[in-house]
Amino acid sequence: MIKFDESKSVLQELRIENKQNIKLFIKREDLINPEISGNKYRKLKYNLSEAKSQNQTTLLTFGGAFSNHIAAVSAAGKIFGFKTIGIIRGEELSAKVNENSTLKYAKFNGMILKFISREDYRSKETDDFQNKLKQEFGDFYMLPEGGTNNLAVKGCEEILSSAEIDFDVICCSVGTGGTMAGLINCSKPRQQVLGFPALKGDFLKTDIAKFVNQKNWKLITESHFGGYAKINSELIGFINCFSKRFKIQLDPIYTGKMMFGLLNLIENGYFKDNISIVAIHSGGLQGIEGMNQKLKNKNLPLIQ
């Protein structure tokens, strides 16, 4: 089985002032591995083992310009001996690989990058599109965009160990929903699982519901800051202050928005008194470099 030292993922208490005596912890999944960190490790763990058992030598997956998933799959290929192929959304990016930290890193790890139009990208799950990929690249083990499938959810069910699961509320950021689904499946009925989507809207409810059989969960859709990869000075300021106060780096696409939303809920009395909350740090820090380049171009403050 593909495995790193999961003991590096530790619980850290965040001492915050609040009138309700709420205890807040953060689960440091970002510490598991510097290249395949957080939920990406959890999602890939059983998928890589399955690919090995099928004698597959090539991993193929999908993603955008600053995809944590693309970066993690490329690193996994280099570490565990797979050839990797990334189908990238946006033909215009083919001329900007060296200007894009994520794509440059993926290429450095040996990933073959194929750039397609956004229109074609929307058809990526059709049989016709995937047959064309097989004609071009031969046989491969396919990982969906973001990495969410049944094996990914299985891996995410292991984020909280049996010794750590006794929290009243479990929180995570949400991209494709796999991490949240795993947390729901390993939670107890009395617990509440809250997801903070990085995307605008609540359409992820349907995607998450496919993988779970409990109803003790809810999406908090008010802290997306306008949608995926959208950011403003308020969020940048929050991330920098959080880092300075707790010595923990958050990313601007996922964990920064989750912690912003969660602390806002605590401040506004959303929770009951005397409860314990754990927030999952799902990694994603590789995207900071690319985001800072965008912020620099817009003359906005940088993430420190």
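## Strands 1 and 2

Within strand 2, Phe25 is the bridge partner of Glu13. Strand 1 and strand 2 pair in the antiparallel sense, over four bridges. Strands count as paired if DSSP finds at least two bridges between them. Helices (H or I, at least four residues) and strands (E, at least two) are DSSP runs, numbered from the N terminus.

This is a predicted model: local features need pLDDT of at least 70, side-chain atom pairs count only at pLDDT 80 or more, and totals for chains, interfaces and linings use all residues. Residues are numbered from 1 along each chain as its sequence is written, and side-chain values use heavy atoms, with hydrogens and water left out.

Lys27 stands opposite Ile280 of strand 10. Strand 2 is mostly covered, with five of its six residues buried. Buried means under 20% relative accessible area, exposed over 50%, and partly exposed in between (1.4 Å probe, protein chains only).

## The cores

The largest nonpolar core has 37 residues. Such a core is a set of buried Ala, Val, Leu, Ile, Met, Phe, Trp, Tyr and Cys residues joined through side-chain atoms within 4.5 Å. Met259, Leu262, Phe271 and Ile277 have the most contacts inside it. Elements giving two or more residues to this core include strand 2 (23-28), helix 10 (255-267) and strand 10 (276-281). Helix 9 gives the most, six residues. Apart from this core lies another, of 27 residues, among them Ile32, Leu44, Leu103 and Met111.

Phe271 touches residues beyond four places away in sequence, including Ile22, Val169, Leu194 and Ile277. Contact means heavy atoms within 4.5 Å.

## Helix 3 and its crossover

Strand 4 (residues 83-89) and strand 5 (residues 112-116) pair in the parallel sense over five bridges. The chain crosses from strand 4 through helix 3 (residues 101-108) to strand 5, and this β-α-β crossover is right-handed. That is, with the strands pointing away from the viewer, the path from the first strand over the helix to the second runs clockwise. Arg89 has Ile116 as its bridge partner in strand 5.

Ser101, Thr102, Leu103 and Ala106 are buried in helix 3. The helix's buried residues pack against helix 2 (68-80), strand 4, strand 5 and helix 11. At its start, a side-chain oxygen of Asn100 reaches to within 3.0 Å of the backbone nitrogen of Thr102. Just after the helix, Gly110 takes a positive phi of about 100°.

## A look at Ser101

Ser101 has a relative accessible area of 18%, so Ser101 is buried. The Ser101 side chain reaches the backbone nitrogen of Gly290 at 3.3 Å. Beyond its neighbours within four places in sequence, Ser101 is in contact with Gln286, Glu289 and Gly290.

Key:
A polar contact is a pair of N or O atoms within 3.5 Å; within protein, one must be able to donate a hydrogen and the other to accept it, and residues adjacent in sequence count only if both atoms are side-chain atoms.
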